[in-house]
Amino acid sequence: MRVIVPLQGVVQGRGGLVLGSVIPCAFFYFLQFYLKRNRRDEPVPDPANQSSASSPNNSGSSSPTQSELTGLSRSLSRVILSPRNSGAHVSVSGRANSILKGGDSPYHVGLKRVADDPYDELGNPDGIIELGLAQNKLSSDLVSDQNSIGLSLSGVASYEPSDGLMELKMVVAKLMSAATKNVVCFDPSQLVLTSGAASAMEILSFCLADSGNAFLVPTPCSPGFDLDVKWRNGVEIIHVPCRSSDNFNISVTALDRTFSQAKKRGVRIRGIIISNPSNPMGSLLSRENLYALLDFAREKNIHIISNEIFACSIHGDEEAEFVSIAEIADTEENLDKERVHIVYDLSKDLSFPGLRAGAIYSFNENVLAASRKLTTLSPVSSPSQHLLMSTISKPEFFQTYVKTNRQRLQRIYSEFVKGLKSLGVECTRSNGGLFCWADMRGLISSYSEKGEIELWNKFLNIGKFNVTPGSCCHCIEPGWFRFCFSNLSEKDVLVVMNRIRKVCITCKSQN
Amino acid sequence: MMERSSNNNNNNVVELSRVAVSDTHGEDSPYFAGWKAYDENPYDESHNPSGVIQMGLAENQVSFDLLETYLEKKNPEGSMWGSKGAPGFRENALFQDYHGLKTFRQAMASFMEQIRGGKARFDPDRIVLTAGATAANELLTFILADPNDALLVPTPYYPGFDRDLRWRTGVKIVPIHCDSSNHFQITPEALESAYQTARDANIRVRGVLITNPSNPLGATVQKKVLEYLLDFCVRKNIHLVSDEIYSGSVFHASEFTSVAEIVENIDDVSVKERVHIVYSLSKDLGLPGFRVGTIYSYNDNVVRTARRMSSFTLVSSQTQHMLASMLSDEEFTDKYIRINRERLRRRYEIIVEGLKKAGIECLKGNAGLFCWMNLGFLLEKKTKDGELQLWDVILKELKLNISPGTSCHCSEVGWFRVCFANMSENTLEIALKRIHEFMDRRRRF
């Protein structure tokens with residue numbers, strides 16, 4: 001624009017102001033246009049075009065010349081070093097690129113830090129304590145006592161149906177039914193087994209949504225969903241924030257509002273994903289909640305995926321009752337049953353994450369048929385299936401396990417929550433799962449994600465323990481943290497509390 | 001508290017995604033129909049002698065006893081839990097790191113080196129574990145290509161590729177046509193022609209995927225062809241994937257050249273990092289139920305991404321632990337590889353001799369669990385339909401399940417893949433007898 005004023009002086013008196021503005025502007029725009037065009041002609045490092053025969057500067061063409069054919073007998077190094085392409089790096093797909101570009105979230109950084117410097121009471125008392133991994137170590141001794149050593153290879157080594165052996169499905173169905181105190185009788189033929197809950201969630205995401213569609217997910221939610229639902233499938237997650245003022249309960253009004261907003265933007269919602277018991281709060285959904293969600297799904301003609309991987313990890317008092325969405329679906333008409341799908345996993349309830357045994361339970365034959373096919377890409381190893389069968393199917397084991405596991409979770413949970421309370425930190429009431437959801441808003445330096453991550457860093461670097469910050473769970477209110485306590489012994493709880501106290505003191509002195 | 005609405009007037013049936021309803025899984029082909037026929041009426045020497053003999057499944061049972069003996073003898077380390085020296089149940093039950101057990105990766109690397117006679121080295125940190133080669137192939141495809149891109153694959157190829165490479169990835173397969181005039185080896189003309197076909201259709205080619213030794217041909221890929229392929233991939237700036245799942249099943253070790261050997265002597269990273277190898281224990285060790293596959297890549301980005309993506313398809317920690325000590329026992333693996341090769345070679349000779357006596361020729365093979373048989377002369381109509389008719393006759397009358405070349409996308413009709421390693425010698429003799437009788441009957445008319 002600085003050009004215009006002097007030029008105005010030049011053309012004064014000859015239709016002056018107009019010409020004086022138009023000419024320099026036109027000149028300016030022509031200049032931009034010219035520069036842009038020239039920039040486009042610069043060589044673009046596009047691997048697909050480099051070997052095309054269209055550029056006259058390419059030495060040699062894309063079809064083999066006689067010399068190249070006879071070149072087969074030349075030594076390797078001379079054939080390979082095509083001068084044009086030495087140094088050109090081959091590219092990976094757009095999907096892989098987006099993964100490579102993404103920085104690691106605190107969730108993953110924390111896990112890695114623990115792996116590098118894990119706390120051990122005797123061996124490494126200054127190491128980092130893992131409170132960011134929802135894993136149950138409390139009752140694995142019960143499980144290991146059950147195992148028989150040695151298994152003959154025959155009957156185990158051959159190809160099996162990729163969606164799991166029927167005998168194992170029967171055992172898993174019994175386990176899931178027991179979690180509902182046998183109110184629901186799960187049908188093994190509606191189960192598809194796969195190598196972990198991540199795979200189960202990914203398969204469902206593939207079967208229920210096309211690329212570009214979306215699922216509604218109430219937050220805070222499990223940090224793993226982003227990977228499982230979105231990554232390879234191109235399906236979006238639209239968060240529906242829940243608030244502490246509501247005890248983080250799901251509101252159908254909020255779901256409805258988010259659904260309409262998405263529709264206006266032209267995004268097609270294919271379903272809702274809920275967790276029950278929820279992760280990270282550990283709260284249980286009531287029958288009324290579940291009916292309301294199913295009604296909403298019916299009204300919008302979408303699916304519901306209920307992530308029930310903590311169904312056997314209920315530790316609340318007697319009134320705390322786990323109600324599976326299967327119970328609700330059982331009372332509905334066929335059309336509505338078909339929209340209900342459950343993800344289950346033996347990792348959390350039975351502390352078997354290494355064995356990779358997850359499951360999809362669905363009332364929808366088409367989903368089951370498609371999922372079964374997809375399990376060829378992520379099946380459960382057959383010796384592991386046999387090991388699981390021989391372990392879980394013993395009834396004495398099973399009863400004892402569920403009862404003892406519940407008691408142990410209860411004990412640690414109450415110790416942990418008491419400890420936090422004595423430090424002035426309140427938790428939401430949790431009745432299931434392996435974690436508690438702590439309100440640390442009073443400790444963060446600024447009410448923002450930045451403040452939250454600062455505190456998380458302090459926990460990790462000063463306190464030497466890894467927890468999951470609420471932002472990883474997509475919590476809209478900063479300052480909440482998920483503490484997984486099922487990795488701890490009772491002694492460890494004291495150690496953790498001391499460390500938290502240490503960090504609290506540094507926070508209070510800074511604030 | 002949420003209130004239950006009484007809105008019940010929506011009668012729509014809820015829909016599934018395009019992936020779920022598509023038939024890109026390719027499972028309607030004769031390849032799978034044959035399996036079904038076998039499942040419904042499986043041959044058994046004593047109980048069902050007129051049942052269908054399974055020769056459409058590339059499973060290796062010839063060396064099973066070696067494994068059983070090993071695992072029983074070395075029970076404390078080789079078995080699953082609770083022994084003194086080995087890590088206990090607890091650690092293994094909890095281990096779910098997608099890097100995989102280091103001891104297991106080291107064992108896999110050492111096993112892969114042994115198979116190649118030490119002619120190539122494998123770095124355990126470049127090994128990514130997946131639940132089977134099926135998953136490995138799909139994972140690589142996700143990583144190397146975008147939807148609507150293509151991989152060039154020489155025909156005939158393993159029917160499962162239609163599913164593994166295409167189904168969820170949305171990637172296309174463009175065939176490199178090979179024929180019997182040169183024993184189905186890949187020629188530069190065929191390669192260029194395939195590439196051009198893709199370009200003409202405006203499809204971006206991201207790589208070439210070969211199986212070496214080849215399934216269904218049962219033959220190794222010649223060294224000069226490998227060198228040419230690598231050069232082609234450098235010139236076009238695309239990837240080269242070599243599925244070497246049958247590398248331990250080559251009858252004479254000297255006849256196999258792995259792409260790893262070619263890459264071993266190359267320093268130029270921009271050349272190396274386009275090469276990726278798929279391997280699995282399913283064929284060489286006859287352990288398909290265990291679901292152990294690997295991706296070996298010379299490309300750091302691919303290794304990193306594949307590792308993360310393998311979260312969906314991890315190998316059970318129990319399986320890793322169980323096999324780690326066995327695979328790193330060099331005395332055992334050396335013996336196993338040697339004996340397995342010998343038994344496969346012998347089996348191959350029996351079947352080829354037997355077929356020859358019946359007047360049937362096979363492609364000269366030197367590897368794998370199958371032979372590539374030529375029944376073109378029996379076809380009434382030299383068309384795909386003619387071939388499928390013959391296949392149907394063989395299935396229904398001879399009760400033999402073999403795989404027709406059409407399901408392998410072979411451009412020449414009349415070829416069939418016949419598996420020989422998943423049955424006893426007696427059963428093989430019976431299968432050959434049925435073929436003899438069939439040929440005799442045919443000659444009489």
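**Entry 1: the second cavity**

I began with the second largest cavity, which holds about 70 Å³ of space. The model is a predicted one, and I read what follows with that in mind.

I listed the lining of this second largest cavity: B:I360, B:M373, B:L375, B:L378, B:I394, B:L398, B:L400, B:I402, B:I435, B:F438 and B:M439. Sorted by class, these residues come out as eleven nonpolar, no polar and no charged.

Which helix gives the largest share of this lining? I found helix α18 of chain B, residues 425-444, with three residues. B:I435, B:F438 and B:M439 are among the lining residues. In general, residues three or four places apart on an α-helix point the same way, because there are 3.6 residues a turn.

**Entry 2: the largest cavity**

I then turned to the largest cavity, at about 210 Å³. It is lined by 21 residues. Those nearest its centre are A:P218, A:I250, A:S275, A:S278 and A:M281.

I checked which strands contribute. In chain A, β3 (214-219) and β5 (269-275) each supply at least two residues of the lining of the largest cavity. By class, this lining has 14 nonpolar, seven polar and no charged residues.

How many cavities of 30 Å³ or more does the model have? I noted a count of eleven.

**Entry 3: helix α17 of chain A**

I looked next at helix α17 of chain A, which runs over residues 365-374. Its buried residues are A:V367, A:L368, A:A370, A:S371 and A:L374.

What does A:N364 do at the start of α17(A)? I found one of its side-chain oxygens within 3.0 Å of the backbone nitrogen of A:N366.

**Entry 4: the two chains**

For chain A I recorded 21 helices and 13 strands. Of its 511 residues, 55% count as buried. The accessible surface of chain A is about 21,900 Å², with 54% of it belonging to carbon and sulfur atoms. Among contacts in chain A between residues at least 6 apart in sequence, 74% join residues at least 24 apart.

For chain B I recorded 18 helices and 13 strands. This chain has 445 residues, and 64% of them are buried. Its accessible surface comes to about 16,600 Å², and carbon and sulfur atoms account for 48% of that. Among contacts in chain B between residues at least 6 apart in sequence, the share joining residues at least 24 apart is 75%.

Methods:
Residues are numbered from 1 along each chain as its sequence is written. Chains are lettered from A and ligands numbered from 1 in the order in which they are written. This is a predicted model: local features need pLDDT of at least 70, side-chain atom pairs count only at pLDDT 80 or more; totals for chains, interfaces and linings use all residues. Side-chain values use heavy atoms; hydrogens and water are left out. On a 1 Å grid over the protein atoms alone, a cavity is a set of points where a 1.4 Å probe fits but cannot get out, and a pocket is an open set with protein on both sides within 12 Å along at least five of seven lines; lining residues have an atom within 4 Å of a point. Grid points are joined across faces, edges and corners, and a volume is the space filled by probe spheres set on the points. Helices (H or I, at least four residues) and strands (E, at least two) are DSSP runs, numbered from the N terminus. Ala, Val, Leu, Ile, Met, Phe, Trp, Tyr, Cys and Pro count as nonpolar, Asp, Glu, Lys and Arg as charged, and the others, Gly among them, as polar. Buried means under 20% relative accessible area, exposed over 50%, partly exposed in between (1.4 Å probe, protein chains only). A polar contact is a pair of N or O atoms within 3.5 Å; within protein, one must be able to donate a hydrogen and the other to accept it, and residues adjacent in sequence count only if both atoms are side-chain atoms. Contact means heavy atoms within 4.5 Å. Accessible areas come from the Shrake-Rupley method with a 1.4 Å probe; for residues, only the protein chains shown count as cover.
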